[in-house]
Amino acid sequence: MHAQIPIVVTGMGAVSAVGIGCKTMFDNLVAGVPGVAPITQFDPAPLDVKFAGEVKDFNPGQYLDRKIANRIGRYAQFAIAAVQEAIAAAGLDLAQEDPGRVATMVASAIGDFPFMEEQMFKFFSKGPGRINPFTVPRVSTSMASGNISLALNLTGPSYSVSSACATGSHALATAWMLLRAGLADVALVGGTEAAICATFMESYIALRALSTRNDAPEKASRPFDRDRDGFVMGEGCGVMVLETLEHARRRNAPILAELAGIGMTCDAYHITAAHPDGRGSADAMKLAMVSADLGPDQIGCIYAHGTATPINDPIETTAIKTAFGEQARRIPVNSIKSMIGHCIGAAGALNAVSAVMTLNHGVIPPTINLDNPDPACDLDYVPNVARHQACRAVMANAFGFGGQNCVLIFRKLDGQS
C-alpha cells in the first residue's frame, strides 16, 4: 500500500490550553505545563465540576474580520487560526493552486454547542421570534470546513466527518484516502472543538466520566495513574496541510513527515465503553502498521488516547500489548491529555500534530500527574519528565464513543534527517 501514493505533512497549526501555535504548544507540553484551570467561559458554580482545559488569550480578531468572527462559532474560529498557521508553515501559496484541487476537512464532533445552548435558553425563556438567524450555520459540525473554504475561496471537497473523540483522526485518515484517490492535491485537515458550556459539561458529569478534583484542577487529569477519577474537558484545534509527495516536491515544500499508515475499526460492543479486551483498538493499531509497512519494533513512540478514565486506560494498555507483543514494554507511551484535557473532536488531531513534532524534534512530552502507577497500567508512560529520544515513526491513537477507533502512523521520509 505504501508504494501507491505517499502523502506528506508540509505544515501544521495548533490551538490548545497550553498555547496557541505549534511551537508554543509543544514547548509547553515538553515542559510538562498543565493547561487545566478553573472555568472562565461561564459560571460553573452550580456544577460538580468547575474546571477544564480552556484556551487562554484567544483573540479571533487576530485571524479574521470581527464582523465575520461574531457570526461563527469559537470552534470555527480556532480552525481558521490553525489553518492560517499551517498554510504559512507549509509555504502554500493558494493563488498558485487550482482551488478545485484543495480539499478542506477540519472536523468537529460537537459544533457550536454553547451557541445552541444559548439559543435554546432564549427560546424556552422568552418564546419564539428571538432566535439568532445564524443559528443553523453556526451549530453545524461542517461549518469549520465551510468557513475556511469561504474565507480562502477553495472549491474542492469541503466537509466534516464525525466519530466522537476519534473525529480529528478520522478526518486525517479520510483526507489521506481522498488524496490517494486522486480527488485533490492538497488537503487542509484536522479537528477542532470548543464546547465548554454548562449543558455539555453537565452531560458528561451525568455520565460520571469527568474528574471532580476541584481542589487541584492542574492535577486532575491523571492518565494511567492509580488515583485517576475521570477525564478533564478540553478545547482546541489541530490542523495539518497534507499533500501528495509529488505535489509537495513540485513546489519545493518543507516536508515534516509522511502520514504513512492508517487503521480504522469499530468495537461494535457498547455505546460508550470500549471492548474489555481492547480488540478493536488493537486491531486498528495492527492495521495501521500493515498500512505503513512497519513492524512493532519500528514504532518509536505511541501517543495514547490516554483519557484518564478508570475503565479506558487499562483497556488501551491491554490493546497495546496485544498489538505489539513483547515490544510493548520497550515503547514509550504518553498522553498529552494530562496537560490539555480531552478535546473531543480535536483530540486525535492534536495528538497527530504533537506526534509529528516529536519526529522533528526528537523529544517525547511526558504524561504528567503520573505519581502512583496503576498495576493494571504497566507500560512505559514517560512519567512527569520529557524524554529526548529520536524516532523514525510515531503512532497516534484516537478512540471514540460507539467503539470508533482510528490510528495514524507518521514517519520520516527516507533520507529525512
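**Close-up views of a predicted model**

**View 1. Thr-358 sits in helix H13.** Helices and strands here are DSSP runs numbered from the N terminus, with at least four residues (H or I) for a helix and at least two (E) for a strand. The model is predicted, so local features need pLDDT of at least 70 and side-chain atom pairs count only at pLDDT 80 or more, while totals for chains, interfaces and linings use all residues. Residues are numbered from 1 along each chain as its sequence is written, and side-chain values use heavy atoms, leaving out hydrogens and water. Is Thr-358 buried or exposed? Thr-358 counts as buried, at 0% relative accessibility; buried means under 20% relative accessible area, exposed over 50%, and partly exposed in between, with a 1.4 Å probe and protein chains only. Leaving aside residues up to four places away in sequence, Thr-358 touches Phe-26, Tyr-303, Val-363, Ile-364, Pro-365, Cys-391 and Val-394. Contact means heavy atoms within 4.5 Å.

**View 2. Helix H1 meets helix H13.** The axes of H1 (residues 22-31) and H13 (residues 347-361) come within 11 Å and cross at roughly 80°. That makes H1 roughly perpendicular to H13. Axes are lines fitted to C-alpha atoms, for helices over the stretch in contact, and angles run from 0 to 180 degrees between N-to-C directions. Angles under 35 degrees count as roughly parallel, over 145 as roughly antiparallel, 65 to 115 as roughly perpendicular, and the rest as oblique. From H1 come Cys-22, Lys-23, Met-25, Phe-26 and Leu-29, and from H13 come Leu-350, Val-353, Ser-354, Met-357, Thr-358 and His-361. By class, this contact has 7 nonpolar, 3 polar and 1 charged residues. Ala, Val, Leu, Ile, Met, Phe, Trp, Tyr, Cys and Pro count as nonpolar, Asp, Glu, Lys and Arg as charged, and the others, Gly among them, as polar.

**View 3. Helix H10 crosses helix H11.** How do the two axes lie? The axes of H10 (residues 279-292) and H11 (residues 312-324) come within 8 Å and cross at roughly 40°. H10 is therefore oblique to H11. On the H10 side, Ser-281, Ala-282, Met-285, Lys-286 and Met-289 make the contact, and on the H11 side Ala-319, Ile-320, Thr-322, Ala-323 and Phe-324 do. These residues divide into 7 nonpolar, 2 polar and 1 charged.

**View 4. Helix H10 has buried residues that pack against helices and strands.** Among the buried residues of H10 are Gly-280, Ala-284, Ala-288 and Ala-292. The buried residues of H10 pack against helix H7 (167-180), strand S8 (257-266), H11, strand S13 (393-400) and strand S14 (404-411). Just after H10, Asp-293 takes a positive phi of about 60°.

**View 5. Two loop residues, Phe-224 and Val-382, come into focus.** Phe-224 lies in the loop between helix H8 (198-206) and strand S7 (236-244). Its phi is near 70°, a positive value in a residue other than glycine. Phe-224 is buried, with a relative accessible area of 1%. Val-382 belongs to the loop between strand S11 (363-364) and strand S12 (387-388). Although Val-382 is not a glycine, it has a positive phi of about 50°. At 0% relative accessibility, Val-382 counts as buried.

**View 6. Leu-188 is found in strand S6 (residues 186-193).** Leu-188 is buried, with a relative accessible area of 0%. The C-alpha atoms of Leu-188 and Met-240 are separated by 6.0 Å, and these residues are 52 residues apart along the chain.
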